[in-house]
Every structure is written in C-alpha cells, then in structure tokens.
2 protein chains.
Amino acid sequence: MTNFNVSCPIPLDQYPQVLLAHGGGGKLMQQLLEKMIFPAFKTTQNIPPHDSAVVNLNANKIAFTTDSYVIHPLFFPGGDIGSLAINGTVNDLAMSGARPCYLSVGFILEEGLPMETLWNVVQSLQNAAQIAQVEIITGDTKVVDRGKGDGVFINTAGVGMVEHNQIIAPQSVQPGDAILINGDLGRHGIAIMAVREGLEFETTIESDCAPLHSLVLAMLEAGITIHCLRDLTRGGLASALNEIAMGAGVILNIQENAISVREDVQGACEILGFDPLYVANEGRFVAFIPQDSVDTTLKIMRSHQQNPCIIGQVTGRGTGMGLVTLESKIGANRIVDMLSGEQLPRIC
Amino acid sequence: MTNFNVSCPIPLDQYPQVLLAHGGGGKLMQQLLEKMIFPAFKTTQNIPPHDSAVVNLNANKIAFTTDSYVIHPLFFPGGDIGSLAINGTVNDLAMSGARPCYLSVGFILEEGLPMETLWNVVQSLQNAAQIAQVEIITGDTKVVDRGKGDGVFINTAGVGMVEHNQIIAPQSVQPGDAILINGDLGRHGIAIMAVREGLEFETTIESDCAPLHSLVLAMLEAGITIHCLRDLTRGGLASALNEIAMGAGVILNIQENAISVREDVQGACEILGFDPLYVANEGRFVAFIPQDSVDTTLKIMRSHQQNPCIIGQVTGRGTGMGLVTLESKIGANRIVDMLSGEQLPRIC
C-alpha cells in the first residue's frame, strides 16, 4: 500500500463514511467532487472531470478499452484497487500497441465506506496515472446502499493513440513465431490470496502490478514486427495462450522449463493447490514475435528492467481450431486447456 | 420494458443463474462472451468487444465521458438499465455537441443473477445502441459474490467526434442568454419511484429516457451558437442550473409558469413530497442560447418531436458566485438552491 501524507480534504469528523447523498447529485456530492476528486485528477486540459471532456487528439486511429475492477481486498502487497485500475487499463491499450492518453474513472461506492479509504484509493489512482503519464479527464461517482456493493468498485476506460500500422492481434500470429514473456509468473494472484487467506511467507509476495506501455512503445519504435500481445490477467498464461491459439487457429508449444516462477510463489501455489499457469498477473504479457526480431526484443525488454524469457513457439496451423501444448520438465507433452470454472474470484 | 423474442443463447436449464465462474476468465466466461455478448454487440469493426479495440476516427477533437448505472429497479416503465446506460452516455457526449461514435460496456454482475435478466439487459443495450447509431466496440464482464452487488451494474464510456469550434460550457454563458428546455420535467424520477413504492396512477408514467444527440447536432448544423448544454439527470433542473450558474458566475432567473410538468407527474410529486425541479430526467436538457437564435432553436426542437419552452434567462453577472432565482406562479421570487442531501437514491 502506498503511503500518502496528505490529509483527507473532506472533514473526517463530520463525514467519517460515504453517505448515499454523496452520490445524489446535490451539495454533498458536489463537495466530494470539488474537494477530493477534481483536485486529485486535475489535468492539463483544465476540465472538471465529471463532465464530458473535449480534448485534442491528433491520430487517425485510436484504441479504446474498458475494465471494471472489483478486487478484494482493496489493498494488497504491491498495489491496491486504484493502481490496478490505472495499470490494468493502460496495459489493455498497450496490448494494441497504443500510446495511452486519456482515462475515465467511474466509482461505485457502498454507503458506509470509510471516507479515508476512498481518499487513499483516489490518491493511488492519481499517483499511478502520473507514473503512467495518462490523464484522467472524465469521471462519475455513484453510491449504492449498504449491502448492495462492496466498498469500492472502479471502472476505468481508456483512449490511446495508435501510431503504427501493424495489426497486433491473434490473426497476425504465424507458425514459427517465438512466444516471449517479460518476467516471472503468478505474483499478483498469490499476493491477493495470501492476504485473503491470512498466509504468511518468509518474504512478502508483492503483486507485479505495473504499466507496460513504455516497453511496448519502445519495441515499436525499434521497428520490431509484433504479431500479437496479450496481458496475463484473469485466467493467467494458460487462458491467454488458449485465446490466442483459438483466435489464430494455430498450435502453440511451450516449455515448462523456460517459464519462470519465483520459489516463494511456487511454494504458495503448492500450498493453495494452484497451477501458476492459471494464476493472474498484472504486469506480465506474452508477445508473439517473428524469430528474426527475438534478440532485439529481449534486449529492449531487459533495458526496461524486465526479465524476459522465450517460453515456446507457434509450431503450426490447427485444423480449424487452436491448441496449446506444454513440454514438461521431464520431457512429456500435455495439453494446456482453459480453466473450465473459477480459480480465483475477484482477482482484478 | 422492451419485449424481445429471441431466446437466450445460454441454455437456461443448465445455467439459470450467473455464477462466479462466468467472470473467472475460463471456459464459462468465454462461453458467456461468445454466445451472448459478442454476437449482440457485433460491430462493423469486426472486433471482439472484450479486447482493446482499434478504430479509425477522423477528428482532431474528441469528447470522452463515462457513467456507471446502478438504477433500482433494473426495469421500469419507459426503459431499463440497458437503454439508460446507452442513452445516458450518448447524452453526455451530446451535451458537448459531439457526435457519439463508440461506446464501451462494463458489467458488474452479482452471482445468482437470473441469466434471462442479463439477456434482456444485453438485448436492450443492443437495441438502444442501434437506435442511437453508436457502436459498442469494447467491454468487460466481472462477477461479484452474492450480497456484494445488486443484480447488474453497468458502466458505459463513450467517445464522440467534435466537429464544431464552439466552446459549449458554462464559461461561455452570457448575460442575456435565453434558457430553454426541450420538454416537460420529472417523468424519469417519478416512473422509478412509482415502481419502487408500488404506486398506481390512472395512467402509467413512463421515463423520458431517450437519446438527444440528433437534436443537438441539428442545432449545430443549423449554425446556432450554443453557449451551454446540460442534461437534467441526478438532482434535476435545479442542480443543473446551479452548477452552470456557479461555473459561469452568473445570475439566472426562471419562471415557474414556463416550466412544463405533466399533471400526473405533478400529482405524484405531491403525494411523494418531491419538488419536480429536483427530480431526475433522462431525455431533457437545458440550452443556453443567445436571444437571436432562440426562434430557430425552438423550431428545430419541435421538428425533433420535442416540446420546448423558454424557461428564463441569464439576468447578469454574479459577484464571484452564481445564483438561481425562480419567479413563482404568484409572482414572488425565491432562490432555487442545490439539494443538500439525497432526494432519490439510485435513480440512474
């Protein structure tokens, strides 16, 4: 959890909790917006962020995405719902190779939420937006009655500029493409589960939550051909690869040996009965890259303080379908399927 | 409630309710998306709407807005959460004079929600988007555990093209401007309250929920100078006028006689103890227009099947503040303040 030293601009002795009226369109809502939300999200555009915002955008192509964040608990080692709501949406734009520009933030607050919790979340949003160099230019605040929500849900939508002419999508994936990951797997999911289950490890496992757009933009600027990118959130690596294999109609083979999982994360997965291939991440992505660009990609990833590895390749076209196979540490091959049910609810 | 005759694409005997796994990133979520969500939101862009979408946009200026919809009940006379989620966000774009183009939809579903309810909401979103001629190009679905949500919450964000060079905002408001409304007040709020309270009137009061962008674009195409627009949602006319008066630093005077409230709505307001000036609408807006454009504006509004009225004017500059006064039917003047608390929770 980030530590912020600015005291809450709403008097906590008077309003220790969020009231229904804070979403009612009257004076209390206006006070909340003007004292807490607008100053935190003040942008170069000078627009109160609760109106429709009009901004300049010099691009012929834009990327547009949205995600709602319902993570439980709100604060966890390495992040909180605020930083997650920025980085998650920034990363969705980055996966199209877009330059993230503008974000919207929609709060759904539960009556009775401690005002200080909201303030911490708002500061975290602000902080994460500054780090990712995106501007929050529009927003909305709703309050639902006690027992009809769970503290804070946040939706962010994002608009980015697309400055390249590549089609970064499953349909561009080709047999022969190398599959790269930018680091180790499973930290976000395990960090959340450790807090939920009250587990203590020798070291604190922190979420890998981080913005990825600088790295992707650096790859594009270096002239690398990128066939597909996908961040490894809900459902983890296994789900992302299956989605791409199906979308592209190809067969992927990955090597278990090549996939990096930290020892403490591996240990926690064993205790909890999780397979790290399915555990959520918030700062990891796979990249499908033609073989002749692999070395440059690895070099750029490393220069961005990432620890990339080549985990496999596209071995061929599927016959009207997609398939993901894994060569295990002892050399056996097995199919990596999508999860049928639910591994970790409310992980993001 | 709209009647749809297409049967639910998810087998209801197998999945009568939404499960946590429908948001878990695995097979069940994929089935929900591929069978129900993607086909409903199929766009000309041919993008699965759960990725970041890359689209062409030939504009130097865009409008960007967001709103979360937490209305209770989900279905009401004249609309439902689906049509509201489209029209509300389309209207926020329209209030900047933008041409609404692309929408995102984020669902937060509560475990146990009847699958058929979700299907009805999805069809309503689809239907309203077609009517408003906007495309839903990206989305997200989350599921929270039972008792941590309330059926369905929807967030929509919208991107519109700004093709004019006017600054349609409170700071453009000038003394002398006429204040126009495009119809009668209070129907949305009263429609909701009637369902909630189980009230029956001789006639059903239907929400005024409707998209407003065609009308606004027609005004701009006719060359009308528009100083400010604001839709009259949460907090109603009184809150919208107060916000504009404060933002512009002006004094507004409105005439009670000129404001149209249907007799059944007025009667319901009296029973419920509401002042129609504060009741929410979803198809009404105020326009601040220079006097020389008033006749043209009225004509265009009428050609769009609206019943506009001039309700007052900007009488002067405030001394560092804004003020809204109302001349009552008997000729007395009173200040119209913002609501301090909460009149109608979860009205939108």
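So, Arg346(B): at 7% relative accessibility this arginine counts as buried, where buried is under 20% relative accessible area, exposed is over 50%, and partly exposed is in between, with a 1.4 Å probe and protein chains only. This is a predicted model, so local features need pLDDT of at least 70 and side-chain atom pairs count only at pLDDT 80 or more, while totals for chains, interfaces and linings use all residues. On bookkeeping, residues are numbered from 1 along each chain as its sequence is written, chains are lettered from A and ligands numbered from 1 in the order in which they are written, and side-chain values use heavy atoms, with hydrogens and water left out.

Back to the arginine. Arg346(B) sits in the segment after strand 13 (333-335) of chain B. When I say strand or helix, I mean DSSP runs numbered from the N terminus: H or I over at least four residues for helices, E over at least two for strands. What does the side chain of Arg346(B) reach? The backbone oxygen of Val70(B), at 2.8 Å. That's a polar contact in the sense of a pair of N or O atoms within 3.5 Å; within protein, one must be able to donate a hydrogen and the other to accept it, and residues adjacent in sequence count only if both atoms are side-chain atoms.

Now look at what Arg346(B) touches, not counting residues up to four places away in sequence. Contact here means heavy atoms within 4.5 Å.

Asp145(B) lies in the loop between strand 5 (135-144) and strand 6 (152-161) of chain B, and it's partly exposed, with a relative accessible area of 26%. Besides Arg346(A), Asp145(B) is in contact with Leu20(B), Glu110(B) and Glu111(B), leaving aside neighbours within four places in sequence. Its C-alpha atom is also 8.6 Å from that of Leu19(B), 126 residues apart along the chain.

The peptide bond from His72(A) to Pro73(A) is cis, with omega near 5°, and Pro73(A) is in the loop between strand 1 (53-69) and strand 2 (75-76) of chain A. In chain B, the bond from His72(B) to Pro73(B) is cis as well, with omega near 5°. Gln305(A) is in the loop between helix 8 (294-303) and strand 11 (309-317) of chain A, and at 69% relative accessibility it counts as exposed.

Okay, helix 5 of chain B. Is it mostly enclosed or open? Seven of its nine residues are buried, so it's largely enclosed by the rest of the structure. Those buried residues pack against helix 2 (81-94), strand 4 (99-110), helix 3 (115-132), strand 8 (228-231), strand 10 (285-289) and helix 8 (294-303) of chain B. One of them is His213(B), buried at 8% relative accessibility. The His213(B) side chain reaches the backbone oxygen of Ala132(B) at 3.0 Å. Its contacts, apart from neighbours within four places in sequence, are Val90(B), Asn91(B), Ala94(B), Pro100(B) and Ala132(B). Just after the helix, Gly223(B) takes a positive phi of about 80°.

Last, the overall picture for chain A. It has eight helices and 13 strands. Its radius of gyration is 21 Å, close to the 20 Å that the globule rule gives for 348 residues, so chain A is as compact as a globular protein of that length; the radius is taken over C-alpha atoms, and the rule is 2.2 Å times the number of residues to the power 0.38. Buried residues make up 64% of the 348 in chain A. And of the contacts in chain A with a separation of 6 or more, 86% come from residues 24 or more positions apart.
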